[in-house]
Structure formats: structure tokens, C-alpha cells
Amino acid sequence: MRLDVSKLKTNGDSEEFEFCESWEKLEFRGDILFFVEPVYFYGVATKKGNLIEVSGNVKTKLKTICYRCTDDAYVEVDVPFYEEYSNREETTDDEVIRFEDDVIEFDDSIVATIVLYLPMKYLCREDCKGLCPVCGTNLNVSSCSCKKDGIDPRLSVLKTLINQLDTDEKKEV
């Protein structure tokens with residue numbers, strides 16, 4: 001997605017624009033997210049001194065794997081976008097993105113914006129029950145008859161201590 005900003009000559013000049021492109025996938029934190037809808041980007045570019053301010057909105061839909069049950073999980077993306085751009089070499093502000101030849105390339109900034117708003121864990125639904133830790137049955141689809149001990153093995157020492165305290169109390173009575 002590229003925008004020619006050569007028309008923005010004087011302070012306050014602005015231009016509305018929109019792009020709609022199909023992207024294949026996004027890899028982030030070891031996960032692969034597939035774009036199931038095109039990336040729609042609407043924005044306004046405004047000349048402010050030596051900067052071009054771009055504000056707008058990014059919208060798309062991604063598909064990945066649910067962290068609890070491994071079914072498909074969909075992530076709706078409808079997020080605000082704001083960046084400042086400059087074509088001056090002497091720009092030292094880390095927040096300002098440099099561009100050349102009066103053309104701003106948005107792809108990297110759009111990916112960064114999408115990633116910023118992604119949830120920590122992807123779920124197929126809010127109340128996903130996940131998989132049975134014993135047999136692997138998807139508990140959203142069916143139940144299983146596995147015996148659930150309910151004790152985290154890392155905390156089994158505490159169960160031993162509680163049993164020991166109970167035994168000691170019975171001896172005292």
C-alpha cells in the first residue's frame with residue numbers, strides 16, 4: 001500500500017485515501033495468522049510542517065489456532081492507525097518514519113499496528129473448555145470419563161503436607 005504525497009505542498013494540505021489488498025499470512029510470536037479478509041486501510045494524510053501525519057483505521061479478519069482446543073480461532077481487527085512520516089534526512093526523532101521520493105509505503109506500519117492490538121491468546125470462543133489433559137478430547141464437543149486428579153503436580157508436596165497435618169491432629173485427639 002503506497003501513497004503519493006507529492007500533492008501535499010503547503011502546511012495544512014490533506015488528502016483522504018483508502019486501500020484494500022489481499023494479504024496471505026502474518027507470522028508473530030511463533031504463530032501463523034492467515035488473512036481471511038482483505039486488509040482495508042482508510043486514512044487521511046496531512047502536511048504539518050516537515051511532517052506528514054497519517055491517521056486512519058485498519059480493518060481485517062485473521063484465522064489462527066485456538067490456544068485451548070486447537071480449533072480455528074478468528075480475530076477481528078478494527079483498529080486506529082496513526083504515524084508521522086518525513087522525507088528529510090536530518091530527521092532524528094525515532095517516532096517519525098522516513099520515506100523517499102514522495103511515496104509513503106504503509107505495509108510495515110500496518111503490520112505493526114495489527115500486531116500491537118492482537119490478543120495475548122487466541123481463543124475460538126470466550127468460554128472455550130479446551131482439551132482433556134488426559135485423553136485429549138475436545139471438551140467443547142463432548143465430555144470424557146477420565147479421572148481428573150485436579151492437583152497440579154508441582155503442588156503435590158502441599159497435599160502430602162496437608163495429609164501429614166491431618167494425621168498428626170488425629171493422633172493428638
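1. Phenylalanine 106 is buried, with a relative accessible area of 0%; buried means under 20%, exposed over 50% and partly exposed in between, with a 1.4 Å probe and protein chains only. Tyrosine 85 also counts as buried, at 1% relative accessibility. Phenylalanine 17 is buried too.

2. On provenance: this is a predicted model, in which local features need pLDDT of at least 70, side-chain atom pairs count only at pLDDT 80 or more, and totals for chains, interfaces and linings use all residues. Residues are numbered from 1 along each chain as its sequence is written, and side-chain values use heavy atoms, with hydrogens and water left out.

3. The structure holds 11 aromatic pairs (rings of Phe, Tyr and Trp, the last by its six-membered ring, with centres within 6.5 Å; planes under 30 degrees apart are stacked, over 60 edge-to-face, the rest tilted). Phenylalanine 17 and phenylalanine 106 are stacked, at 5.5 Å centre to centre and 15 degrees between the planes. Phenylalanine 17 lies in strand 2 and phenylalanine 106 in the loop between strand 9 (103-105) and helix 1, so the pair ties together parts 89 residues apart in sequence. Helices (H or I, at least four residues) and strands (E, at least two) are DSSP runs, numbered from the N terminus.

4. Tyrosine 85 and phenylalanine 106 are edge-to-face, because their ring centres are 5.7 Å apart and their planes at 90 degrees. Tyrosine 85 lies in strand 7, so this pair ties together parts that are 21 residues apart in sequence. Phe17, Phe19, Phe41, Phe81, Tyr85 and Phe106 form one aromatic cluster.

5. Next, the core. The largest nonpolar core has 34 residues (buried Ala, Val, Leu, Ile, Met, Phe, Trp, Tyr and Cys joined through side-chain atoms within 4.5 Å). Phe41, Ile52, Val54, Phe106, Ile110 and Ile114 touch the most other members. Strand 7 (72-86) and helix 1 (107-116) are among the elements that each supply at least two residues. Strand 7 gives the largest share, six residues.

6. Isoleucine 110 is in contact (heavy atoms within 4.5 Å) with Met1, Trp23, Val39, Phe41, Val58 and Phe81, leaving aside neighbours within four places in sequence.

7. Strand 2 (residues 14-21) and strand 5 (residues 39-48) pair in the antiparallel sense over eight bridges. Strand 5 and strand 6 (residues 51-65) are also antiparallel, over nine bridges. Alanine 45 stands opposite glutamate 15 and opposite valine 54 in strand 6.

8. Two residues separate strand 5 and strand 6 in their hairpin, where glycine 49 takes a positive phi near 65 degrees.

Conventions: Two strands pair if DSSP finds at least two bridges between them.
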